[in-house]
Amino acid sequence: MRRLRTRLAGALVSVLALTLTATACGPAADAESPSPTASTAAANRVEPLTGTVTPALPVTVGSADGRKVTVREAERIVPLSGSLSEIVFTLGLGDRVVARDITATFQQASGLPVVTRGHDVSAESVLSLRPDLVIAESTSGPEEAMDQIRAAGVPVLTVAAARGLDDVGRRIGAVAGALGVPDAGKRLTARSEDRIAAVRKGVPHQRKKPRVAFLYLRGSASVYLIGGEGSGAGSLIEAAGGVDAGAESGLTKDFTAITSEALVKAAPDAILVMTKGLESVGGIDGLVEIPGVAETPAGMDRRIVSVEDGVLLNYGPRTDQVLTSVVTQLYGEDGAK
């Protein structure tokens, strides 16, 4: 289960495409701009910072694996997750990225060769692209592949996995620092945090906070889990004005197999799932057939919040959009739920 946790809570970007909208880059956008609206959004794109960003290299930075990493060039960058790719592109350095993880499906990265599939790194594929910097998640592996890349003399920066909203700035700062653009990192952090704060400010006030259970579902593999402490979803649920029903009910493990007893004790008013996970069990009709779901308030009301797999727990430059989606689904457009 510990290995599963690192897959799920760390980046939870090991599944499929994202379709959450993001604003297209344009001259009217800036670091202080509010969250994009549907009328200004372009599907499946990231929004780079405006202006020219030029790396000041070399730099030596600390890596999450305890190593010191010296970056002398950043002309051929390989980020090993969709989340990390999103940060590099949003910093304005996407033209230097030469490969992608399968989850980096936003439009600007879609034409790049895939060298990682669900944290299964191909060292040969990475090295064939002659990178001068590889940016990895703490969950990237196998370790033998990572060691092979390092042995070839390629700097590898490891970024600690995301756990919640507080990690947005940390991850952006780590990537920006290694790329020699710390000021751009500060701008992007400020923009991201301002947008998140704006969404939180608009969360409807509820006399009784909704209890939200995060379920990880993979029907094709018969995997049905409920998130507890450390699942990675608690921060998002709380920011949306809810209570993490799994953690509050006493589930101390990151993920626990779903049982009727666990669901009854959690008593969620709403259920948070990933879109592909929901599809894998046959949609809402299939979800309520999982033992115990139909007996919960969420199951009886069919109150399901679904967000695309690739972005739900990224905690990055588009987290404000994820939070907006959760809030809208949880309360409805008028906040009356």
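This short talk walks through one predicted model, strand by strand and loop by loop.

Some ground rules. Residues are numbered from 1 along each chain as its sequence is written, and side-chain values use heavy atoms, with hydrogens and water left out. The model is predicted, so local features need pLDDT of at least 70 and side-chain atom pairs count only at pLDDT 80 or more, while totals for chains, interfaces and linings use all residues.

Let's start with strand β9. Helices and strands here are DSSP runs, numbered from the N terminus: helices are H or I with at least four residues, strands are E with at least two. β9 covers residues 133-137. How many of its five residues are buried? Five of the five, and the strand is mostly covered. Buried means under 20% relative accessible area, exposed means over 50%, and partly exposed is in between, with a 1.4 Å probe and protein chains only.

Now the directions. In a regular strand, side chains alternate between the two faces of the sheet. Leu-133, Ile-135 and Glu-137 point one way from β9. Val-134 and Ala-136 point the other way. All of these residues are buried, Glu-137 included.

Next, the partners of β9. Strands of a sheet pair through backbone hydrogen bonds, either parallel or antiparallel. We call two strands paired if DSSP finds at least two bridges between them. Strand β5, residues 77-79, pairs with β9 in the parallel sense over three bridges. Strand β10, residues 156-159, also pairs with β9 in the parallel sense, over four bridges. Which residue of β9 is the bridge partner of Val-78? That is Val-134. Towards β10, Ala-136 stands opposite Thr-158.

Stay with Val-78 for a moment. Val-78 sits in strand β5. Its relative accessibility is 0%, so Val-78 counts as buried. Follow the chain 10 residues from Val-78 and you get to Val-88; their C-alpha atoms are separated by 9.7 Å.

Back to β9 and β10. Together with helix α4, residues 143-151, they make a right-handed β-α-β unit. Right-handed means this: with the strands pointing away from the viewer, the path from the first strand over the helix to the second runs clockwise.

The loop between β9 and α4 holds Pro-142. The peptide bond from Gly-141 to Pro-142 is cis, with omega near 5°. There is a cis bond from Leu-57 to Pro-58 as well, with omega near 10°. Pro-58 lies in the loop between β2 (41-43) and β3 (59-62).

On to another sheet. This one is open, with three strands in the order β6-β7-β8 and mixed pairing. Its edge strands are β6 and β8 (120-121), each pairing on one side only. β7 and β8 run antiparallel, joined by two bridges. Thr-116 has Val-121 in β8 as its bridge partner.

Between β6 (100-101) and β7 (114-117) there is a loop, and Thr-103 is in it. Is Thr-103 buried or exposed? Thr-103 counts as buried because its relative accessibility is 2%. What does its side chain meet? A polar contact of 2.4 Å joins the side chains of Thr-103 and Asp-101. A polar atom of the Thr-103 side chain also lies 3.1 Å from the backbone nitrogen of Gly-82. A polar contact is a pair of N or O atoms within 3.5 Å; within protein, one must be able to donate a hydrogen and the other to accept it, and residues adjacent in sequence count only if both atoms are side-chain atoms.

Two residues other than glycine have positive phi. Arg-302 has phi near 50°. Arg-302 lies in the loop between α12 (297-301) and β16 (304-307). Tyr-315 has phi near 50° too. Tyr-315 is in the loop between β16 and α13 (319-331). Which is buried, and which partly exposed? Arg-302 is partly exposed, because its relative accessible area is 41%. Tyr-315 counts as buried, because its relative accessibility is 1%.

A cavity is a set of points, on a 1 Å grid over the protein atoms alone, where a 1.4 Å probe fits but cannot get out. There are three cavities of 30 Å³ or more.

Note on methods
On a 1 Å grid over the protein atoms alone, a cavity is a set of points where a 1.4 Å probe fits but cannot get out, and a pocket is an open set with protein on both sides within 12 Å along at least five of seven lines; lining residues have an atom within 4 Å of a point. Grid points are joined across faces, edges and corners, and a volume is the space filled by probe spheres set on the points.
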